[in-house]
Amino acid sequence: MYTYKMGRVPELVICSFIVVSLLVIHFFSDLLRAFLGGYYNQDVTLSQLVESQSSDYAWFLKLLVNCFGYSCVFVPGYLIYKYVGRINYLERGNKTFLHRAINMCITGNSGYDQLDAGSSAADKERQAASTAAKRTSSQEAVQLLWCFGGLMISYLTWGVLQEKIMTQNYFNFAGESAKFKDSQFLVFSNRLLAFLVALAYLQWQPSPVRHRAPLYKYSYASFSNIMSAWFQYEALKFVNFPTQVLAKSCKIIPVMLMGKLMSKAKYESYEYVTALLISLGMIFFMSGSSDSSKASGVTTLTGIFLLSMYMVFDSFTANWQGSLFKSYAMTPLQMMCGVNLFSSIFTGASLSMQGGFMDSLAFATEHPKFVFDMVVLSVCSAVGQLFIYHTIDVFGPVVFTIIMTLRQAVAIMLSCFIYQHSISLLGIFGVLIVFVAIFLRVYCTQRLRAIRKRAEGNKPKMAV
């Protein structure tokens with residue numbers, strides 16, 4: 001009996017970490033609610049209290065509230081990580097469900113030894129490199145076109161539906177109209193459906209690839225992806241249109257810089273030149289296509305800070321996912337499943353802590369048309385993520401950023417055709433610069449590859 005109790009002590013301590021952490025976080029959220037004047041009005045959610053504050057510092061309160069929600073995951077996770085390492089829980093613990101779950105989260109090892117995992121990952125990486133080397137130029141062009149078309153169709157449709165959901169009135173069964181306001185619930189539904197789709201596909205694969213990566217490594221890409229989207233939306237309230245264009249169009253530059261910092265990536269000189277040309281062309285095109293009468297707002301230090309944080313987090317996401325592909329030779333579906341698992345947990349915890357979860361579910365039950373739009377939006381998001389991870393896996397984060405930058409130009413072109421907007425000569429000149437830069441990048445890449453292949457063929461063979 002004594003041995004049994006001692007064997008259950010680590011599990012009890014781990015569960016207590018979770019419970020105590022949630023209670024402490026809930027206590028601080030109640031203090032924030034009292035500070036905002038909502039202590040005596042429990043019908044108002046914490047997110048609604050933040051929205052009612054002055055716009056000068058509401059963004060900081062929103063960030064604080066979101067961080068409270070995310071800490072519901074990070075704080076218990078960190079405490080558990082330190083505790084199991086100190087007591088060597090993974091080495092001596094009972095083989096319970098909790099033990100296997102923690103083992104998968106921290107080591108990625110579910111019963112196989114680490115040496116086998118590393119050798120298998122290395123073999124898979126060599127196999128992927130060999131496959132890439134055997135791919136012809138025409139096959140690579142078809143692959144790139146497939147990724148480009150998939151990203152364009154899925155995310156252009158996703159953008160249209162997102163704007164529709166956030167701007168139009170939905171009618172309930174009584175004929176009363178209302179607008180849906182909680183964008184974080186949309187993020188949660190998108191990530192949850194994407195996780196379920198990826199998980200179902202992985203389970204039904206006839207010969208699944210063994211997963212090797214520790215699950216906690218996905219949390220970094222998940223968190224940075226959520227934060228980059230949040231900073232982007234908040235920045236729109238503080239900066240004017242040209243400043244937004246400048247930040248989004250030049251995103252390829254911080255992606256390359258982040259690649260050098262994180263993985264010591266080396267880029268050719270033509271890659272830097274074409275990156276600058278693409279950014280310059282996109283600035284010309286989108287500035288020449290904007291409606292100056294709608295370019296309202298004043299550029300402030302707050303807006304510059306938010307845009308800077310958006311670029312930092314967005315650049316980190318693509319490069320971190322690229323490094324995971326190289327380190328663990330995982331499949332795009334495994335990446336999609338892992339990242340969306342943590343994104344669902346993060347956004348779900350934040351929604352629950354703020355009180356917006358039940359309000360959004362109540363809105364969905366009363367407005368069936370909203371449910372249909374939300375499901376279609378989530379499907380587009382899931383399909384788009386498949387193309388994202390496949391593109392990063394095959395071509396790397398820089399090519400992915402180029403495609404998503406071009407998507408902005410295509411979105412404005414569609415808007416010009418549908419709503420009869422005009423494009424100035426500056427915008428047309430920008431389009432020409434972008435496509436010339438892309439052609440130059442492809443040409444230089446193919447030429448450099450041919451030169452290296454020729455040099456390898458001319459090397460003298462060593463005698464045996």
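Visitor: Why is Asn88 called partly exposed?

Guide: Its relative accessibility is 43%. Buried means under 20% relative accessible area, exposed means over 50%, and partly exposed lies in between, with a 1.4 Å probe and protein chains only. The value for Asn88 is 43%, so Asn88 counts as partly exposed. This is a predicted model: local features need pLDDT of at least 70, side-chain atom pairs count only at pLDDT 80 or more, and totals for chains, interfaces and linings use all residues. Residues are numbered from 1 along each chain as its sequence is written, and side-chain values use heavy atoms, with hydrogens and water left out.

Visitor: Where is Asn88 found?

Guide: In the loop between helix H3 (58-86) and helix H4 (89-92). Helices are DSSP runs of H or I with at least four residues, strands are runs of E with at least two, and both are numbered from the N terminus.

Visitor: What is the phi of Asn88?

Guide: Near 55 degrees. That is a positive value in a residue other than glycine.

Visitor: What makes Ala329 buried?

Guide: Its relative accessible area is 10%. The cut-off for buried is under 20%, so Ala329 is buried. Ala329 follows H13 and lies in the loop between H13 and helix H14 (332-354). Its phi is positive too, near 50 degrees.

Visitor: How do you know that the span of helix H13 agrees with its number of residues?

Guide: Compare two values. The expected span is 1.5 Å times one less than the number of residues. H13 covers residues 301-328, which is 28 residues, so the helix should span 40 Å. Its end C-alpha atoms are 40 Å apart, which agrees.

Visitor: Why is Tyr70 called buried?

Guide: Its relative accessible area is 3%. That value is under the 20% cut-off, so Tyr70 is buried. Tyr70 lies in helix H3.

Visitor: Which residues does Tyr70 touch, not counting residues up to four places away in sequence?

Guide: Gln184, Phe223, Ile226, Met227, Phe346, Thr347 and Ser350. A contact means heavy atoms within 4.5 Å. Tyr70 and Ser343 are 273 residues apart in sequence, yet their C-alpha atoms are 9.9 Å apart in space.

Visitor: What does the secondary structure of the chain come to?

Guide: It comes to 18 helices and two strands. Of the 464 residues, 44% count as buried. Among contacts with a separation of 6 or more, residues 24 or more positions apart account for 83%.
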